[in-house]
Structures are given as C-alpha cells and as structure tokens.
Amino acid sequence: MSGIEQFPRRCWAEIDLAALERNLIAIKAALPEHIRYIAIVKADAYGHGMHQTVARLMQAGIDMFGVANVAEAATIREIGGSGWSILVLGATLREEAQFLFEYDLMPTLSSVEEIEFLENMAAERGEVLKVHLKIDTGMGRLGIWHENADLLFDALRSAKHLKLDGVYTHFAHAETDVEFTERQRRRFMTALANVDWLNPKELLIHADNSAGLTSFSCESAYNAVRVGLLQFGITPYAQSLFAKVPTTPIFSFKTRISLVKELPAGTEISYGRTYRLKRPSRVAILCAGYGDGIPRTLSNKGFALIQGQRCPYLGRVTMDQTIVDVTDLEHAPASGEEVCLIGTQGDGEIKIEQFARWAGTISWEILCSITKRVPRTYKTSIATG
Ligand SMILES: *Cc1c(COP(=O)(O)O)cnc(C)c1O
C-alpha cells in the first residue's frame, strides 16, 4: 500500500451511492414522465466526488449532465465516453472554446458576441455545435436580459453552425419567494412566446433547480429540470415543501476522538480564550478542524454526535482539532471513538442543513468546503426498496 490509505482514518466522509440512486428514482417519480433529468454535478459533484457520483448516475437513468466548465465536462467524458449530453452552465472563456468541440459539449450562451465567436469557430472547423441559450429573468447573472431576448434568438437563427438544443433561465429565490419565482416564470415564457420560429417541442426548455421544483408546473412548456442539491438528499430551506419527494441524505462526515481529559471550572478553552468552563468538565479533542472543513464560524456554536448524543463545541474550531464537552455523556468516551459531525449515530442526527445554519451558511457551501484532506469512502450496494 502507498499513499494515505495505509494510515488509520482521522476524518472522513461516507457517501451512500445506493441512496443517491433511490433519491433520483424518487425525484423522477414525482415528475411527469416526459420531463428530462439534467443531473447537476459541478464542483466535484457537490463535494461527493465526481467519478463515483457520475458513474452511479449514469447507471441510474439520468438524461444529461450539467457542470460549471469545460474541465469538469471533460472529466465526465473520460468516465462515460461519448454519448452523454453535457451542458456547461458557466460562460465559456475564449481560450476554452476549442474544448467544446473536442469534447462535444454544449455551452450556455448569453450574448450576441458569444454566438458570433462560436459561429466563426464552428464554421472554420466545419462543425456544428449544439448550444443552450440562457435568459436572465431576474437573477442578474448569466443570460441575456429577458426584454432583449429576441436579439439573442435572431443572432442564433443566422448562425448556421450552431444548433439550438435548449433554452433556460435560473431562479434567484425559489426557496422562499413564490411570487418572485412566478414573475421569473412569466418573463421566461413571454420571452419564448415572442419568438415565432421556435418549436419548444424540439428543444429542452428548463428553469427548475431543486428549489424550483416546489412550484414546478407540468402545464407549462418545461420539459427538463436541473437538479443538484435534492438528489443528494438535501432540501433547500423549505423542508416541508419536499415532503412528497422522499429523499434521504447520502453524505456523512465523521472523525474520531484523539484525547479525553478532565479540566477544572474556569479553564479557558482554545485560541482567543472565547469559552470559559462553568463547571469541572470532561472534554474530548476531535481529530478534525477547519483544515478538514468544519467551518470556524461553528466555534462555540456547533454540536458533534458522540454515543448518539449531541455534544457542544467549546471555544474556537482550530485547523486540525475541535474540542467538545462530553461531561454529560453517560459513559466517558474513549480515545479513538467515532464521532459523527454530519449524519446519524444511534438515535442522534445532525442534518447538513442544521450544520450549515449553525455555521451561518448554506448546505451547498458546506459540501464544497470539505477539504481534500478528507477521504471520501463509498457504499456501493445496489438500490433496493
Ligand atoms: C447549480 C445549478 C443548479 C442546481 O441547483 P440546486 O439548487 O443545487 O438544485 C441548476 N442550475 C444552474 C444554472 C446551476 O448553476
């Protein structure tokens, strides 16, 4: 053995690929049959690991992948070969454009300049490139502003080497703002309706991310969804809205206790002396800190599961270690004992949504912040039930 595999694990992530597959099946079952499923796997599949996640999703019946850039898309090509449609969600830099052709990728286009640049490139190469146009209906990020959408469609129509494969928009606040999301939907549909030569039946028309699905309507022209977070079993904010889609978390974050010790009342814990023990206490030192992805903003705020019980973080989270209060546990824990930072242990559970809220951030960022030091391990049993 070489590399880090020969050493006992100090902090690791466990990813249940069978649960990923079950989640996918549950989400698809909640949508009408004709709706295509674009699996969003940007940022190393939300920190779950691109290779394993993508390979499992390929078996599990998705229709298309969405990634942030051409490098991520190339990784999918290497895993799955040709045949999978891949949409690049980010804008493509000019130096990246050749890879769209080499790897057979679909870019997202937001401007007439992008269309002209790629049309020239495609003509020079004697190739045709499939593309998606994006309309900005109120996110203020990529896409052409909806009132100007006809400019984009006109430019595309005269670009003979670009083939329109889809049109989409992105929601800014679908988690909680139903009214604004409806306005975005209306703007999108109006922009589409204004283009008389468009045949929506021959295109992918998509808007919904995980949160959008709460207000998804099958009556409209949509025939695809772009799902990231929800397939990993995590619900964006408004949990109750997803009750009808029974997904389960697939990601756990674990560490071990390196040392247990007793300290007198009045001891100040960790850097900056931000916590002072109110009573004689037993503390456990964990083998994980912000160098592994426990946010420093969890200092004095977080909880870890030991023996299925929530034990509060004491003082600052440090780079490699975090200190927790284990005074109230029925049995004194031993060094080496397993600790659950995110996930379930016995009767206890810490959901990533909760962990993120304690840290003052969102689940997406937590997943992207689990560092390279943390090996991802996989459960790969087949999906049943
Ligand atoms: C990341 C992303 C998604 C997926 O969003 P979730 O909230 O994780 O489901 C969909 N569309 C675009 C354009 C994205 O960038």
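## C-terminal span

The end C-alpha atoms of residues 250-379 lie 10 Å apart, and this span is 11% helix and 38% strand, where helices (H or I, at least four residues) and strands (E, at least two) are DSSP runs numbered from the N terminus. An unreviewed UniProt entry places the feature "domain: Alanine racemase C-terminal" at residues 250-379; such annotations may be inferred rather than shown by experiment.

The model is predicted: local features need pLDDT of at least 70, side-chain atom pairs count only at pLDDT 80 or more, and totals for chains, interfaces and linings use all residues. Residues are numbered from 1 along each chain as its sequence is written, and side-chain values use heavy atoms, with hydrogens and water left out.

## Ligand surroundings

Around the ligand are 14 residues, of which Lys42, Tyr46, Ser210, Arg226 and Leu229 come nearest (a residue is near if one of its heavy atoms lies within 4 Å). By class, this shell has 6 nonpolar, 4 polar and 4 charged residues. At least two residues of the shell come from each of α2 (42-46) and β10 (224-227).

A pocket is an open set of points on a 1 Å grid over the protein atoms alone where a 1.4 Å probe fits, with protein on both sides within 12 Å along at least five of seven lines; lining residues have an atom within 4 Å of a point.

## Polar contacts

Polar contacts are pairs of N or O atoms within 3.5 Å. Polar side-chain atoms of Tyr46 and His170 take part: that of Tyr46 lies 2.5 Å from a ligand oxygen atom, and that of His170 lies 3.5 Å from a ligand nitrogen atom. At Leu229, a polar backbone atom is 2.9 Å from an oxygen atom of the ligand. Taken alone, the ligand exposes 390 Å², and the protein buries 93% of that (Shrake-Rupley method, 1.4 Å probe).

## Annotated active site

For "active site", the unreviewed UniProt entry lists Lys42 and Tyr271. These residues are spread over 230 residues of sequence and also in space, up to 35.4 Å between C-alpha atoms. From this set, Lys42 belongs to the lining of the largest pocket. Lys42 lies in helix α2.

Technical notes:
A polar contact is a pair of N or O atoms within 3.5 Å; within protein, one must be able to donate a hydrogen and the other to accept it, and residues adjacent in sequence count only if both atoms are side-chain atoms. Ala, Val, Leu, Ile, Met, Phe, Trp, Tyr, Cys and Pro count as nonpolar, Asp, Glu, Lys and Arg as charged, and the others, Gly among them, as polar.
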